[in-house]
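Dear colleague,

I am handing over the structure below, and after it I set out what turned up when the contacts were worked through. Please read the notes with the coordinates open beside you.

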Amino acid sequence: MIKEKSSPCELCLSRKFSMFADLSEAHLCNLSDNKNFISHKKGQILYYEGTKPLGVFCISAGIVKVFKTASNGKEQIIRLAQKGDFLGYSSMLGEELYSNTATIVEDAKICFVPKETFLKVLQEDNNFHRRLTKALCNDIGMMEEKLTDATQKSIRERLAFTLLKLGDTYGIDGGEGEKIDIVLTREEIAGLVGTATETVIRLLSEFKKDELIEFDGKKIIILNKKGLARLSDFYG
């Protein structure tokens, strides 16, 4: 973890992807004056479940894994956050301890905005207040969707859907197919799907045999998006 000289928020290229996109110049200056800009290496912990939030994290670059650890020690991944995403705001606003842990998946540059600075923007900017409220509602909707999928979709269907979502978010042209340009371990994919690592390994092998996917080293190439979409559609 390396603290670097902070660039002004108004010059931040990732700001257009975040909820800070349309802040006034005065609020941007206040953020710039009070934030900390820190570089994190892969594998470092951003915050731990059960600790007290002191502010909000805004991702400028890189990927962060947000997860809960079950009693058996296995990870249930809640989301993979990327540039422009905020982390920790729901726990901070609810005055609760972090309900999950966040760790760096790909080297990241992250701004830490202290609680007082963040709340000042929230109180004074009605548009930002609305965007944040909408984001909290979206988070609740995503959790409800995950719960429904966990109870109504098979593991095969959930894995197919997860691969499609990863392709939509991190996909690049891989020649014959769409390469998922992020390296995730089989354990992490299992954590996203909510199943055992051994099951994911077996199903990925079956997907490859069925020519739905291919492997390029540790990365996955989607060869047949329509096939995965049909497989993932529980109600189709």
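Across the interface of domain 1 and domain 2 in this predicted model, the rule finds one salt bridge. Lys-65 forms a salt bridge with Glu-188, and the closest N and O atoms of that pair are 3.0 Å apart. Polar contact across the interface of domain 1 and domain 2 amounts to four residue pairs, both residues in each being at pLDDT 80 or more. On the side of domain 1 that touches domain 2, the elements that give two or more residues are strand S4 (55-69), strand S5 (75-81), strand S7 (101-114) and helix H4 (126-152). Of these, H4 gives the most, with five residues. By residue type, that side of domain 1 divides into five nonpolar, three polar and seven charged residues.

As for the two parts themselves, the chain is divided into domain 1, covering 2-150, and domain 2, covering 153-232, and their C-alpha centres lie 27 Å apart. In terms of contact, 15 residues of domain 1 meet 15 residues of domain 2. The size of an interface is often given as the accessible area lost when the parts come together. For domain 1 and domain 2 the buried area is about 1,200 Å², with 53% of it on carbon and sulfur atoms. Ile-77, Leu-80 and Asp-149 supply 39% of the area that domain 1 buries against domain 2, which is more than any other three residues.

Turning to the whole structure, a search finds 14 salt bridges. One of the salt bridges joins Glu-49 to Lys-68, with the closest N and O atoms 3.3 Å apart. This pair links distant parts of the chain, since Glu-49 lies in the loop between strand S3 (45-47) and S4 while Lys-68 lies in strand S4, 19 residues apart.

With best regards

How values were computed:
Residues numbered from 1 in each chain as written. Predicted model: local features only at pLDDT ≥ 70, side-chain atom pairs only at ≥ 80, totals over all residues. Heavy atoms only, no water. Domains from an automatic or database assignment. Contact = heavy atoms within 4.5 Å. Buried area = accessible area lost by both parts, 1.4 Å probe. Salt bridge = Lys/Arg side-chain N within 4 Å of Asp/Glu carboxyl O. Polar contact = N/O pair within 3.5 Å; in protein donor to acceptor, adjacent residues only side chain to side chain. Helix = DSSP H or I, 4+ residues; strand = E, 2+ residues; numbered from the N terminus. Nonpolar A, V, L, I, M, F, W, Y, C, P; charged D, E, K, R; others polar.
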